[in-house]
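Hi there,

Here is the structure I promised to pass on to you. Have a look at it first, and then read on for what turned up in it.

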Amino acid sequence: MAISIDKNNTLFKIDTAQSSYILKIMPDGLVAHVYYGSWVDSADVSYLLRFVSRSFSGNPEGHFLDKAYSQDTLPQELGTYGVGDYRPDSLRIQLPNGAQACNFYYRSHRVFQGKPPLEGLPATYGEDAQTLALTLWDKVSQVECTLFYSVIAGYDAIIRSMQVKNGSDDTVYLNRALSCSMDFDHSDFDLITLRGRWGGERQLVRNPLHPGIQSVESTRGTSSHHYNPFLCLCDHQATETTGDCYGFSLVYSGNFLGQVEQTQLSNTRLVLGIHDSGFSWQLAPGDTFTAPEVVMVFSDQGLGHLSHTYHGLYRQHLCRGPYRDTPRPVLLNNWEATYFDFTREKILSLATKARDVGVELLVLDDGWFGKRNDDTSSLGDWVVNEEKLSGSLGALTADINALGLKMGLWFEPEMVSEDSDLYRAHPDWCLQIPGRYKQTSRCQLVLDFSRREVQDAIYDQLCAVLDGANIEYVKWDMNRHLTDVWSATLPANQQGEVAHRYVLGVYSLLDRLLNRYPHILWEGCSGGGGRFDPGMLYYTPQIWTSDNTDAIDRLTIQEGTSLVYPPSTMSAHVSACPNHQTHRSTPLETRGAVAFTGSFGYELDLGALSPEELDTIAQQIARYKHLRHLFATGVYHRLRSPQSGKDAAWCYVSQGKQQVHFTYIQIHKVANSPLVRVRLQGLDEGLQYKDEATGAIYSGRVLHCIGLCIPVLQGDAQAYTVVLQATTKR
Ligand code: GLA
């Protein structure tokens, strides 16, 4: 049993194979957090709760003389606002009298098989799961709060979420409702976060925790290029293979806040959930609010095991649809080949060349609809531009299909251009604040997806296009952030709900489309990787990792992304050189080796390449097809970090450890350079592996302990790859 409870119903223990999580109902009913870390064989570790009287730490009801018992210092499962817990709180409830304090005490609990879905929200799923639901109660507000803890068999992860129910006869407001709160009795941690910018998303940032609050957050309406909804606390000495690491990953795509405080007493409090900035949610009597879930992963074997747990869980228990378990088609996207400037002839010529080199899917990107020939118009008018396509989309798709390729299409459903029929007909359908200038970004406005009629109108338009042609892939883009967040249909006291309702609207529309077109491969995108989060992965099993396709810049982007997200979810393309974002030139082989890390494709004008280059691409694609099952399902090991600026290395090991793909990239060449040797990870030490190219044989143990010697490579941005095949089976 993953969840066990002592006979007095006070100690709750949640176990995974290698971790334990223990909480305790205190005699007064407050819920204390006792322990989270390596698996222990006993729940009876409450000696960890040490009570010392501290000045300026108040005492709750029933503890007038018990000065050592304080919510200021007690590690808690739910820290709330206004009752003497001054660390970052998870819950603030405003009552009719204006007070925002709340205080929750144990009321009941339930343990059951399975993991319930979260209404309207993306969530991990698994049949072999168990859940603890702990219901707490605030007697003054009469609000009930249920904390859920789920485990899915086979994963060192505990999944938390929270539901708040108004049990009173008055309307109350949630002014802060974060999903997860976690206390540690020390602060000897490094904090790892993923920070970035457009074109440089999810760079791994690691710093020792310091006194005070450190945070990651987005108030941009999406999870953003700038911060990812993920935090990791790890030992200062933790490496890829050693040390304790705790990951916290929020399954949500909108505004979020993650805070970590190293407290006055050198404890740690971490909270993560929907950002409270601008947030307020009305709860009428009987109403329930569901906060998105946080997937907590513990590893006592370093960051590698942490990533592997997230990869397995997100690939098999978050992503859905037929492409969850199927390698993705090799695609050619026309964006960097043509931008807006294409004709039917050009697309067909690209498709023919693509077919010749082995591409399986042609993606027609921006510019096929309305009057869109640049980024100033037509978003919201999802009507095929038959003049530009010299005929219907159905006919073009039939021609592409006749070449043996699948057809894919770009949409940006959440947006509207002022120069569009949709905007002219419904100027109030975009987010805007009366009396204020509506800020444009990339010349466009954001549709008010909190409104069902707006979602419906876009749904109908998208269905009309998807019903008219054999579209088997959709790229769902989102090319600006939210401003002027206000909705024309909500009353003043509910305007604090718009940002979250917007996200729920996006999820709802995606759900409807996924149900109607279950065969389509959906790819998420937001100006590259501006919405690369677990929430979107529930709908789109792959996401365009970055608009920056430069092979060298991609190394750190893909490294950071791989900390949480499975390689199969990272879309990675070979593009032209000089690169359109950095103007750097890198060898075609290197671009291919780096893009092999993810769901693979091309984004360049094949017509502008030499026969030799086309030949190289054909070989690259054949090789990818040969290995893609390994890339899609194998275990990904980071071996050398590109953050050194010198080199990078990683390998994939198949689930049965029979096949290995190793990649080394020399970023920067120096004269008279030292010789390099890289040790591998994840192999079976008892097996013999053969280098497919040279025939050399190594034992798994030799590859772990000694590794592969890298030949001397000349020049910057050079790639060296090795495929190893086990010569025997275990
Ligand atoms: C965004 C995407 C690109 C491309 C353009 C089209 O920037 O990230 O890949 O689709 O939009 O306008």
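To read the classes below, count Ala, Val, Leu, Ile, Met, Phe, Trp, Tyr, Cys and Pro as nonpolar, Asp, Glu, Lys and Arg as charged, and the others, Gly among them, as polar. Please also keep in mind that this is a predicted model.

Let's start with the ligand. By those classes, its shell holds six charged residues, four nonpolar and three polar. Which of the 13 residues around the ligand come nearest? They are Asp365, Asp366, Arg442, Lys475 and Asp547. For three of these there is a distance to share. A polar side-chain atom of Asp365 sits 2.6 Å from an oxygen atom of the ligand. For Lys475, a polar side-chain atom is 2.8 Å from a ligand oxygen atom, and for Arg442 an N or O atom of the side chain is 2.9 Å from an oxygen atom of the ligand. On its own the ligand would expose 310 Å², and the protein buries 95% of that.

Next, a helix to look at. Helix 7 covers residues 498-516, 19 residues in all. From its first C-alpha to its last it reaches 27 Å, close to the 27 Å expected at 1.5 Å a residue. Its buried residues include Val498, Tyr502, Val506, Leu509 and Leu513, and also His500 and Arg512.

Setting aside neighbours within four places in sequence, Gln620 is in contact with Val574, Leu588, Glu589, Gly592, Phe596, Phe600 and Tyr602.

Ser307 belongs to helix 1 (residues 302-317). Its relative accessibility is 1%, so Ser307 is buried as well. Not counting residues up to four places away in sequence, Ser307 touches Ser562, Leu563 and Arg638.

Asn672 is in the loop between strand 32 (659-666) and strand 33 (676-678). With a relative accessible area of 80%, Asn672 is exposed. Asn672 and Val712 are 40 residues apart in sequence, while their C-alpha atoms are 9.8 Å apart in space.

Enjoy exploring it!

Best wishes

How values were computed: Residues numbered from 1 in each chain as written. Predicted model: local features only at pLDDT ≥ 70, side-chain atom pairs only at ≥ 80, totals over all residues. Heavy atoms only, no water. Near = heavy atom within 4 Å. Polar contact = N/O pair within 3.5 Å; in protein donor to acceptor, adjacent residues only side chain to side chain. Areas by Shrake-Rupley, 256 points an atom, 1.4 Å probe, with all protein chains shown as cover. Helix = DSSP H or I, 4+ residues; strand = E, 2+ residues; numbered from the N terminus. Expected span 1.5 Å × (residues − 1). Buried < 20%, exposed > 50% of the residue type's maximum accessible area, 1.4 Å probe, protein only. Contact = heavy atoms within 4.5 Å.
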